[in-house]
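Thanks for coming. I will go through one model today, and I will start with its pocket.

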Amino acid sequence: MSATQVRGRDLQVKHPPVVLYTLFSDLRRFADNLPADMKDKVKVDADTIVASAQGIEMGLRVDQRIPYSLISLSETGKFPFPFKINFHFSPVGADGSLFHIELYAELPTMVKMMMGGKLQEMVAKITDQIEQAINGQM
């Protein structure tokens, strides 16, 4: 196993860190956007979101909350490797924030060779979707 770190691009948004922190700190907000056919397969509370598929449960749990600067999520369930996703927020001016995502994973060497670039693409896509959602485009 080897440590892998992927950092997404910085995203400047027109909301203060308290708004972003509130948005990401309660995982029940993510369940609101699930398709109707998925809602019965997902268990969610403020700290965890777990999906079941073919008898296997996988999900995320909040590891750490630092008010207005960090939300850290880690894997729970039957993932083949440990990982952590950090959402960082910092103030920019009176009513803006700088936001970015960091992904840390302990990957087997072969998986790292095959997926290294795909993880960067995934973090970039998540950042793009968050940008669209925050700007009201989704």
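By class, the lining of the largest pocket has 31 nonpolar, four polar and one charged residues. Here Ala, Val, Leu, Ile, Met, Phe, Trp, Tyr, Cys and Pro count as nonpolar, Asp, Glu, Lys and Arg as charged, and the others, Gly among them, as polar. The model is a predicted one: local features need pLDDT of at least 70, side-chain atom pairs count only at pLDDT 80 or more, and totals for chains, interfaces and linings use all residues. Residues are numbered from 1 along each chain as its sequence is written, and side-chain values use heavy atoms, with hydrogens and water left out.

The volume of this largest pocket is about 1200 Å³. A pocket, on a 1 Å grid over the protein atoms alone, is an open set of points where a 1.4 Å probe fits, with protein on both sides within 12 Å along at least five of seven lines; lining residues have an atom within 4 Å of a point. Grid points are joined across faces, edges and corners, and the volume is the space filled by probe spheres set on the points.

There are 36 residues in the lining, and Phe30, Leu60, Phe87, Ile126 and Gln129 lie nearest the centre of the pocket. Which elements supply at least two residues each of the lining? They are helix H1 (17-25), helix H2 (28-31), strand E4 (48-53), strand E5 (56-66), strand E7 (83-92), strand E8 (96-107) and H3. H3 gives the most, with eight residues. Helices (H or I, at least four residues) and strands (E, at least two) are DSSP runs, numbered from the N terminus.

Next, the core. The largest nonpolar core has 26 residues, and Phe87, Phe89 and Phe99 touch the most other members. Elements that give two or more residues to this core are strand E2 (11-13), H1, E6, E7, E8 and H3. E8 provides the largest share, five residues. A nonpolar core is a set of buried Ala, Val, Leu, Ile, Met, Phe, Trp, Tyr and Cys residues joined through side-chain atoms within 4.5 Å. Buried means under 20% relative accessible area, exposed over 50%, and partly exposed in between (1.4 Å probe, protein chains only). In soluble globular proteins, nonpolar side chains tend to be buried together.

What does phenylalanine 99 touch, not counting residues up to four places away in sequence? The partners are Arg9, Asp10, Leu11, Leu20, Phe24, Phe87, His88, Phe89 and Ile130. Contact means heavy atoms within 4.5 Å.

Now H1. Pro17, Leu20, Tyr21, Phe24 and Ser25 are buried in this helix. They are on the same side of H1, because they cover an arc of only 120° around the axis; the arc is that of the directions from the helix axis to the C-beta atoms. Proline 17 has 10% relative accessibility and so counts as buried. The C-alpha atoms of proline 17 and phenylalanine 89 are separated by 5.7 Å, although the two are 72 residues apart along the chain. Beyond neighbours within four places in sequence, proline 17 is in contact with Tyr68, Phe89, Ser90, Pro91, Gly96 and Ser97.

That brings in tyrosine 68, in the loop between E5 and E6. Tyrosine 68 has a positive phi of about 65° although it is not a glycine. Most residues other than glycine have a negative phi. Is tyrosine 68 buried, exposed or partly exposed? At 44% relative accessibility, tyrosine 68 counts as partly exposed.

Back to two elements of the lining. Isoleucine 49, in strand E4, is buried, with a relative accessible area of 17%. Its C-alpha atom is separated by 5.5 Å from that of leucine 60, eleven residues apart along the chain. Threonine 127 lies in helix H3 (residues 109-134) and is buried at 0% relative accessibility. Leaving aside neighbours within four places in sequence, threonine 127 is in contact with Arg9, Leu11 and Ile101.

Last, the loop between E6 and E7, with two prolines. Proline 80 is found there and is exposed, with a relative accessible area of 64%. Proline 80 and glutamate 106 are 9.7 Å apart, C-alpha to C-alpha, and 26 residues apart in sequence. Not counting residues up to four places away in sequence, proline 82 touches Met1, Glu75, Tyr104, Ala105 and Glu106.
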